[in-house]
Amino acid sequence: MANIVLVGAQWGDEGKGRITDLLSSKVGMVVRFQGGDNAGHTVIFNGQEFKLHLIPSGILYPDVVCVIGNGVVINPATLISEIENLEKKGIDTENLRISSNCHIIMPYHIALDGASEKRLGSSKIGTTKKGIGPVYSDKASRVGIRVCDLLDAELFWQKLNDVLEVKNAILSKVYGAETFDAKEIFEKYNEYARIIKKYVVESTFLINKALDEKKNILFEGAQGTLLDIDHGTYPFVTSSSTIAGGVFAGAGIGPGRVNEVIGITKSYCTRVGEGVFPTEELGKIGEFIRVKGHEYGTTTGRARRCGWFDCVIIKYAGMINNLSSIAITKLDVLSGIEKIKICTSYKVGDNIYENVTPNCFTLEKSQPQYIEVNGWDEDITNILEFEKLPYNARKYINTIEELTKIPVSMISVGPDRNQIIIKDENLKKNFF
Ligand code: GDP
Ligand code: IMO
Ligand code: MG
């Protein structure tokens with residue numbers, strides 16, 4: 001194995017958690033580099049389900065060091081309950097490390113996220129209301145509170161009072177919302193600091209040392225390429241760099257350190273929250289996929305919007321992330337659909353585009369152009385070799401490879417760790 005970045009190639013929830021878990025058995029370290037508890041990564045192993053929001057999905061392996069890198073924003077209450085839940089299930093969290101530079105989500109960030117969404121009304125982003133936009137705004141405005149600030153009670157008290165004066169004024173005067181008491185927050189967060197202190201490290205030293213020692217590292221992305229703050233469907237995006245480039249700032253490593261970037265994509269497409277989604281299916285097919293694929297958010301429980309696989313999006317993700325390969329998840333969900341559509345291009349006015357950047361001029365007005373391929377009826381959830389898949393399922397995967405010009409390295413046929421087909425020959429050697 002090498003140093004691999006895993007990123008979402010669509011709008012999130014592609015199955016990054018389960019692929020991270022799979023590859024974690026072959027690495028020494030797993031690093032999250034952006035996002036916060038807006039992420040919900042599901043891992044199913046031995047019939048047990050783990051829903052991870054902040055802790056890297058390598059945590060189920062006792063020897064893997066799991067790092068929450070500096071680019072991640074932390075809600076300490078979520079983190080502590082995640083640690084407790086893992087421990088309850090018998091998972092050791094001794095190997096968890098938290099960067100001292102991570103920014104902390106404060107109660108006023110969550111309140112501001114909710115108040116802003118309410119004010120926007122029908123133009124809302126559809127955020128997870130976890131305070132992600134407000135905390136990254138404070139980071140950029142240089143008024144954020146970091147893990148290292150939290151560990152210094154005197155400094156924390158001073159910073160909190162400074163920033164809270166402004167936040168309370170905004171909450172009450174702009175939004176007519178409740179304000180916060182500094183002392184109450186201070187006491188609660190001091191207690192959080194006491195609990196998380198033992199995990200805190202200078203993560204950049206730790207990660208670069210592991211690279212120097214040739215320990216393989218997996219960088220686990222959250223969200224997806226189309227939710228990237230710079231390269232996604234702005235403003236309907238999250239507030240961090242979700243793309244492979246985010247690794248370098250969010251973990252503190254140089255570009256030459258990464259050997260491979262794998263894009264995770266579903267065999268169809270979903271999106272949760274507002275914003276453009278060209279291949280969305282509002283009718284029966286969308287409902288079929290939602291029910292069969294259990295397409296309800298891991299973090300918020302919201303119904304995900306469902307539609308066909310979109311090669312235009314994947315080619316864009318291929319370019320932005322320099323994808324070495326894609327891993328296609330949830331192929332089993334398509335079993336039973338007579339004709340499966342694949343979007344090959346967009347029609348805007350009289351023009352056909354096979355490659356677009358997701359700006360509002362093209363995506364909003366685009367008519368997806370499809371090819372149709374024959375489906376299959378067989379239950380494929382126990383198939384572990386590509387050659388044993390039904391002919392039409394293989395044809396579907398091969399067509400995606402031809403259209404996107406990106407090789408498919410893995411295909412998952414069920415949510416369990418073992419329900420995986422490794423298609424890439426080199427990767428296969430690592431596993432069998
Ligand atoms: P992530 O945010 O990218 O890690 O993805 P989520 O965990 O939010 O959503 C993926 C969902 O699909 C989870 O409920 C997984 O258990 C489930 N899942 C992953 N791979 C497969 C698969 O191959 N087949 C089926 N049926 N479910 C899968
Ligand atoms: P994982 O890592 C899917 C979406 C929200 C909303 C937009 C902005 O599990 O794939 P935010 O709360 O980040 O300000 O919301 O981004 N979103 C996700 N959608 N999967 C996620 O994470 C997401 N994290 C945020 O629904 O549209
Ligand atoms: Mg998710």
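Analyst: One term to start with: a salt bridge here is a side-chain nitrogen of Lys or Arg within 4 Å of a carboxyl oxygen of Asp or Glu. Also note that this is a predicted model.

User: Fine. Which residue forms a salt bridge with Glu-274, and how far apart are the closest N and O atoms?

Analyst: Lys-124 does, with the closest N and O atoms 3.8 Å apart. That separation counts because the cut-off is 4 Å.

User: How many salt bridges does the rule find across the interface of domain 2 and domain 3?

Analyst: One. The rule also finds two residue pairs in polar contact across that interface, both at pLDDT 80 or more. On the side of domain 2 that touches domain 3, the residues divide into one nonpolar, three polar and two charged.

User: Back up a bit. How is the chain divided into domains?

Analyst: Domain 1 takes 4–102 + 197–260, domain 2 takes 104–196, and domain 3 takes 264–431. The contact between domain 2 and domain 3 involves six residues from domain 2 and five from domain 3.

User: How far apart are the C-alpha centres of domain 2 and domain 3?

Analyst: They lie 37 Å apart.

User: And how much area do those two domains bury between them?

Analyst: About 390 Å², with 50% of it on carbon and sulfur atoms. In domain 2, the residues that lose the most area to domain 3 are Lys-124, Gly-126 and Thr-128, together 64% of what that side buries.

User: Ligands next. Which residues are closest to ligand 2?

Analyst: Asp-13, Lys-16, His-41, Thr-128 and Thr-238 are the closest of the 21 residues that surround ligand 2. The side chain of Thr-128 has an N or O atom 2.5 Å from an oxygen atom of ligand 2.

User: What about the backbone of Gly-40 and Gly-126?

Analyst: A polar backbone atom of Gly-40 is 2.9 Å from an oxygen atom of ligand 2. For Gly-126, the corresponding distance is 3.4 Å, again from a polar backbone atom to a ligand oxygen. The protein covers 98% of the 540 Å² of accessible area that ligand 2 has on its own.

User: Now ligand 1. Which residues come nearest?

Analyst: Gly-15, Lys-16, Thr-42, Asp-332 and Ser-412, out of 19 residues around ligand 1.

User: What distances do you have for Gly-15, Arg-18 and Ser-412?

Analyst: A backbone N or O atom of Gly-15 lies 2.8 Å from an oxygen atom of ligand 1. A polar side-chain atom of Ser-412 lies 2.5 Å from a ligand 1 oxygen. With Arg-18, an N or O atom in the side chain is 3.1 Å from a nitrogen atom of ligand 1.

User: How much of ligand 1 does the protein bury?

Analyst: 92% of the 580 Å² that ligand 1 exposes when taken alone.

Terms used: Residues are numbered from 1 along each chain as its sequence is written. Chains are lettered from A and ligands numbered from 1 in the order in which they are written. This is a predicted model: local features need pLDDT of at least 70, side-chain atom pairs count only at pLDDT 80 or more; totals for chains, interfaces and linings use all residues. Side-chain values use heavy atoms; hydrogens and water are left out. Domain bounds come from an automatic or database domain assignment. Contact means heavy atoms within 4.5 Å. Buried area is the accessible area (1.4 Å probe) that two parts lose on being put together, summed over both. A polar contact is a pair of N or O atoms within 3.5 Å; within protein, one must be able to donate a hydrogen and the other to accept it, and residues adjacent in sequence count only if both atoms are side-chain atoms. Ala, Val, Leu, Ile, Met, Phe, Trp, Tyr, Cys and Pro count as nonpolar, Asp, Glu, Lys and Arg as charged, and the others, Gly among them, as polar. A residue is near a molecule or strand if one of its heavy atoms lies within 4 Å of it. Accessible areas come from the Shrake-Rupley method with a 1.4 Å probe; for residues, only the protein chains shown count as cover.
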